[in-house]
Amino acid sequence: MKLGNPYDVYSELEASITGSAHRFPAVQAKNKLEVFFAAQTGKLKAGATPKPLVIFVDELDCLMTPNQTVLHDLFDWPVRHRGLAIIGVSNTIDLPELLTTRAQSRLQHNRIPFRAYDREKIEKIVFSRVNECDGVFDSDAIRMNARKVASKSSDIRQALQICCRAAERRQRIITDLIDSGKSSEGKLSVAIEDINRAYAELTESPIVKVLQRASPIEALILISIGSLLRKTTYEVVTLDSVVSQMKFIHNHTHNNTRYIPPNFSECLDICERLRIFGLVDMKVLPGDRVYILQLRVPDGEIARYLAHHDPAKRFLPVEFTLPSQERGGRAT
């Protein structure tokens with residue numbers, strides 16, 4: 001699921017647990033959950049045996065709020081209501097230590113660390129994903145992909161993205177050969193050469209290098225633009241809305257005191273620099289002095305590379321994080 005902000009977890013949980021088709025506001029949904037859990041506890045006291053309920057929360061660190069109310073409630077419910085368990089997965093290794101004393105007091109946790117994927121595991125996962133595409137990928141190409149990814153990020157998502165780009169490249173080559181009447185001369189399956197080129201495009205392009213070297217505030221601006229674009233059908237956003245979104249993301253990010261969101265004029269200067277770097281387009285509506293911004297890089301690419309950018313990755317909000325495909329993490 002995608003959450004507009006951490007408090008939406010109440011609405012999603014209430015709908016998932018009760019089966020309601022209606023999404024209640026966060027406060028109302030929280031109250032309904034309290035009533036539901038209390039009713040379950042009441043059945044236990046009366047001698048009944050209701051089914052145990054396990055709530056699995058991925059990206060637990062994205063539910064951090066300034067007062068950590070959401071995490072406190074999640075951890076508090078199993079303490080007060082029998083038959084309820086919370087399993088959380090966080091990419092922040094020291095998340096329990098970052099919690100307030102109040103939230104830590106409700107945390108009864110066992111940590112289960114997950115190691116990063118090695119070459120063999122990456123290879124196995126990628127083979128399983130492309131298994132239905134019989135004959136499309138050479139086995140050696142998949143092994144090369146696994147070796148490259150394991151030596152750098154161990155990110156399954158990157159390995160799969162490399163496969164996609166390599167397949168697209170091979171398809172373009174085949175199409176060009178067919179158009180030129182030389183279809184019998186080209187290799188049909190994705191080869192090591194395609195993997196090498198796709199990997200280079202993903203890791204060595206000028207845009208990628210700019211993203212990897214972006215300052216935390218530049219990253220916050222890009223994340224804010226991408227986050228707004230995901231909430232609307234428009235392809236552009238105003239600078240005013242970006243400034244507001246930056247403040248919202250900053251206020252809902254834990255340990256945010258080191259980085260203060262820029263004001264309008266400062267943000268304008270940074271956006272001009274991002275325009276020069278080729279990351280955004282910026283225009284001014286005549287007469288209104290309204291600045292319009294548009295990303296020149298897919299928002300998914302921004303999320304992918306800034307997810308490994310420390311400390312910028314802390315600004316990635318819930319609705320802008322990467323898909324929860326296979327990855328290492330830590331259960332709490």
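In helix α7, the residues Ala141, Ile142, Met144, Asn145, Ala146 and Val149 are buried, where buried denotes under 20% relative accessible area, exposed over 50%, and partly exposed in between (1.4 Å probe, protein chains only). The model is a predicted one, in which local features need pLDDT of at least 70 and side-chain atom pairs count only at pLDDT 80 or more, while totals for chains, interfaces and linings use all residues. Residues are numbered from 1 along each chain as its sequence is written, and side-chain values use heavy atoms, with hydrogens and water left out.

The cover over the buried residues of α7 includes α6 (119–129), α8 (156–179) and α9 (192–204). Helices (H or I, at least four residues) and strands (E, at least two) are DSSP runs, numbered from the N terminus. Helix α7 itself comprises 14 residues (139–152), which at 1.5 Å a residue should span 20 Å; the end C-alpha atoms are 21 Å apart, in agreement with this value. The expected span is 1.5 Å times one less than the number of residues. Just after α7, Ser154 adopts a positive phi of about 60 degrees.

With Glu193, the closest N and O atoms are 3.4 Å apart; since Arg169 lies in helix α8 and Glu193 in helix α9, the pair ties together parts that are 24 residues apart in sequence. Arg169 counts as buried at 11% relative accessibility, whereas Glu193 counts as partly exposed at 46%. The side chain of Arg169 also meets that of Asp194 in a salt bridge of 2.4 Å, N to O. This pair likewise links α8 to α9, and so ties together parts that are 25 residues apart in sequence. Both Asp194 and Arg169 are buried. The structure holds 14 salt bridges; elsewhere, Glu34, Asp76, Arg80 and Arg106 are linked in a salt-bridge network.

The largest nonpolar core contains 30 residues, and those with the most contacts inside it are Ile221, Leu222, Ile225, Val242 and Leu293. A nonpolar core is a set of buried Ala, Val, Leu, Ile, Met, Phe, Trp, Tyr and Cys residues joined through side-chain atoms within 4.5 Å. At least two residues of this core are supplied by each of α11 (216–230), α12 (239–251), α13 (264–277), β5 (280–285), β6 (290–295) and α14 (299–306). The largest share, nine residues, comes from α11. Apart from this core lies another of 24 residues, including Phe24, Ala26, Leu71 and Leu95.

The chain has 14 helices and seven strands, and 45% of its 332 residues count as buried. Among contacts (heavy atoms within 4.5 Å) between residues at least 6 apart in sequence, 67% join residues at least 24 apart.

How values were computed. Salt bridge = Lys/Arg side-chain N within 4 Å of Asp/Glu carboxyl O.
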